Amino acid sequence: MNELGVNSLNIAIAVASVAVFVIVLVVWFFLSRASVKANEQIALLTELLEQQKQQTELLARLTRGESPNPASPPVPGESTMFKDFIAER
């Protein structure tokens, strides 16, 4: 009878250990997943910030009357290309 009590106690400790391990594993998974999503959002926001800086700089040059690309002045009669403009989101 005494051996049965020791075995059931060992089994209960093993089950509790496995349960704690599974809970820790699930918490780690969700924290890791949230961290990856946050890193992706930071990268996207950084890219958006760079695009907005370029757009602000281009707008400032256009309001001062400067050409958008001083290296290649527009040729008369050539259609204007809007490929250098950044789309508003």
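The following paragraphs describe the fold, surface and side-chain contacts of a predicted model. Local features were taken at pLDDT of at least 70 and side-chain atom pairs only at pLDDT 80 or more, whereas totals for chains, interfaces and linings use all residues. Residues are numbered from 1 along each chain as its sequence is written, and side-chain values use heavy atoms, with hydrogens and water left out.

The protein chain contains one helix and zero strands, where helices (H or I, at least four residues) and strands (E, at least two) are DSSP runs numbered from the N terminus. Helix 1 covers residues 2-63. Of the 89 residues in the protein chain, 3% are buried; buried denotes under 20% relative accessible area, exposed over 50%, and partly exposed the range in between (1.4 Å probe, protein chains only). The chain exposes about 8200 Å², of which carbon and sulfur atoms supply 67%. Accessible areas come from the Shrake-Rupley method with a 1.4 Å probe, and for residues only the protein chains shown count as cover.

A nonpolar surface patch of about 830 Å² is formed by Val-18, Phe-21, Val-22, Leu-25, Val-26, Trp-28, Phe-29 and Phe-30. Patches comprise residues with over 30% relative accessible area and no salt bridge, nonpolar side chains (Val, Leu, Ile, Met, Phe, Trp, Tyr) being joined within 5 Å and like charges within 9 Å. Phe-30 lies in helix 1 and is partly exposed, at 46% relative accessible area. Phe-29 is likewise classed as partly exposed, at 44% relative accessibility.

The structure holds one aromatic pair. The ring centres of Phe-29 and Phe-30 are 5.3 Å apart and the planes stand at 75°, so the arrangement is edge-to-face. Rings of Phe, Tyr and Trp (its six-membered ring) pair if their centres lie within 6.5 Å; planes under 30 degrees apart count as stacked, over 60 as edge-to-face and the rest as tilted.

One salt bridge was found in a search of the whole structure, the criterion being a side-chain nitrogen of Lys or Arg within 4 Å of a carboxyl oxygen of Asp or Glu. Arg-61 forms a salt bridge with Glu-57, with the closest N and O atoms 3.7 Å apart. Arg-61 and Glu-57 are four residues apart in helix 1, and therefore separated by about one helical turn. Arg-61 is buried, with a relative accessible area of 18%.
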